[in-house]
Amino acid sequence: MNPVWRSQLLTIVRLELKRNFLRVRGLWVYLLAFAPTVIIALHAITSHGRCNLEEDTNIFAGIFQLFTLRLAIFFGCMGIFTRMFRGEMMEKSLHYYFLTPVRRELLVLGKYIAGVIAAICIFGSSVLIGFAFINGHFGSEGTNFVFHGPGLGQLGSYLLVTVLACIGYGALFLLMGLMFRNPIIPAVVILLWESVDNVLPALLKKFSVIFYLLPLCPVEVPVQGISGLFTVIAEPLPSYLSIPGLLCVSVLLLVWASRKIRVLEINYGTD
Amino acid sequence: MMNTDQLIVFENVSKFYGDVLGVNRVNLAIGPGVTSLVGPNGSGKTTLMNLMTGLIFPTKGRMRVLGLSPQDPERFFRLVGYCTQFDSFPRGVTGREFIYDSLRLFGLNHDDAVRRTQESIDRVSMNEAADRKIAGYSKGMRQRMRLAQSISHHPRVLVLDEPLNGLDPMARAESMALFSSLGKEGMHLIISSHILHEVDRISDQVLLLNSGYVVAEGQIHGVRDEVKDQPMQIMVRCSNPNLLAAKLFAHDHIVEAKVTPDKKGLFVRTRDAGSFYTLLHEIVLEGSLELEAVAPADDDVNSVYQYLIGTEGANV
């Protein structure tokens, strides 16, 4: 990489990381990420041996798939990534970047990398701590499960899914922030789309991020209730396809975002 | 004739915001020195500046700054600095951090960025407040810090949108001196301002805009000469203004000749300044009066503004 580009990229990442982690307005992302961790911690403290490891493993899987993945990471990435351009337009500070000799594509890349690092740190640590709590209160049984059983593998899978979710949703919401003046409305549409993924026909499922992520989760959460009636079973993608598939889609979204930013005008009055 | 690589060139540039006109069919070639953009609110000054710095793109036409296009940001923005009218900053930064971070984006290493940051802070006399959060600055301090940021990378073209807004008289005088010295250093300095008498003092040329059109451009004296329908106003200080008035009235091009209240000067309005000066020369040679001073009374931006655009905003 051109040394000037590298230096500029590192500067953008440094500036954006500072903003992502220390922004007071971003406090809700931490609350969203660590809400299940707090609940799991309270459960671990108050259970006093009344539950078993298998049951708690399933509970953790349910929390991860239904809350962390579908809501916390989704909304967290929305907050982090749509703000990157749209937020700066609102704060009337984006022109400072545009008036420097930084290629706009490099700006997209730098902001994206900083966003992905921030999202992975926040949600990854939430998953890690939650996993430690849910297994930790079983003492030696939990230690055996983690270090001599499937536990460590499960943790690796949860972290992999978290990383991929941050990469996928990050690219999607970065583009949304460049395409829409109010990204909330398309975000709600995407949320609905992702929520009804299980009842979508097999072909349409492929157009959702969750379709690529769920098969990578180590513990299956059974679909219960009325939605179970409408669930369409689709052949899950093997990980050697779903992981590169998601990465390719993310790259395409970033290329699209780079094309959008090349023609973006600073016109705060109308934004 | 100056090479286009030394000029800011607009070739038939138009900018529309949907159906709303920003600027229309602008053809310009701006050379080094101080150029003032003057015009009422909504005349297209900021649009022209935003086009010049690549923050917006022309709907039609082509624009080049020193031969470069904003589509080539890596070279373009090393030459161009822009102090916008937007009174906003990245959140939570100090003045020093604001400039330092900007310089790092120019690819400067830490030491060079620190040195240049200090240099630009010194240039706008903001040393004492530089390490405080910008959120606590007054409007004038924020203005000066934005100015410092825009000059920190030593641009050859500096675009300043209302740079005197919010400044107290002392800071205003310092800024004017800074602009003047930058212009003398050979920089292209493009300034928009409502404070016409101050603009007048430092401008090498003026660009008058109204409703999205360039209505006049060039050196202020030349622009004034082109306003044929408004008689030229000239103040003459002499030993016998009554006699001078009597001699002048015999000529058709003299519209008005009024003795000043102190009886030591004559205010003249003439349709033909050239003939007036020849006539004055002849009268003085006759030896009937002694001349102390002769000066145009409306050969300034304010007067030209009033003649071409109207009185609104002219004396702001």
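This report covers the contact between chain A and chain B, a sheet in chain B and the salt bridges.

## Basis

This is a predicted model: local features need pLDDT of at least 70, side-chain atom pairs count only at pLDDT 80 or more, and totals for chains, interfaces and linings use all residues. Residues are numbered from 1 along each chain as its sequence is written, chains are lettered from A and ligands numbered from 1 in the order written, and side-chain values use heavy atoms, leaving out hydrogens and water.

## Interface of chains A and B

Chain A puts 31 residues into the contact and chain B puts in 30 residues. Contact here means heavy atoms within 4.5 Å. About 2700 Å² is buried between the two chains, with 56% of that area from carbon and sulfur atoms. Buried area is the accessible area (1.4 Å probe) that two parts lose on being put together, summed over both. On the chain A side, A:Y96, A:L99 and A:P101 lose the most area to chain B; together they give 27% of what that side buries.

The interface holds 4 salt bridges. A salt bridge is a side-chain nitrogen of Lys or Arg within 4 Å of a carboxyl oxygen of Asp or Glu. One of them joins A:R14 to B:D101, with the closest N and O atoms 3.3 Å apart. Helices α1 (3–22) and α4 (94–98) of chain A each supply at least two residues of the side that touches chain B. The largest share, 10 residues, comes from α1(A). Helices (H or I, at least four residues) and strands (E, at least two) are DSSP runs, numbered from the N terminus. By class, this side of chain A has 14 nonpolar residues (Ala, Val, Leu, Ile, Met, Phe, Trp, Tyr, Cys and Pro), 10 charged (Asp, Glu, Lys and Arg) and 7 polar (the others, Gly among them).

## A sheet in chain B

In chain B, 4 strands form an open antiparallel sheet in the order β11-β12-β10-β13. Two strands pair if DSSP finds at least two bridges between them. β11 (254–259) and β13 (291–296) stand at the edges; each has a single partner strand, so one side of each lacks a neighbour in the sheet.

β11(B) pairs with β12 (residues 265–270) of chain B over 5 bridges, in the antiparallel sense. B:I254 stands opposite B:T270 in β12(B).

## Salt bridges overall

Over all chains, the whole structure has 22 salt bridges. One of them links A:E88 and A:K111 at 2.5 Å, N to O. A:E88 lies in α3 (residues 53–90) of chain A and A:K111 in α5 (residues 104–136) of chain A, so the pair ties together parts 23 residues apart in sequence.
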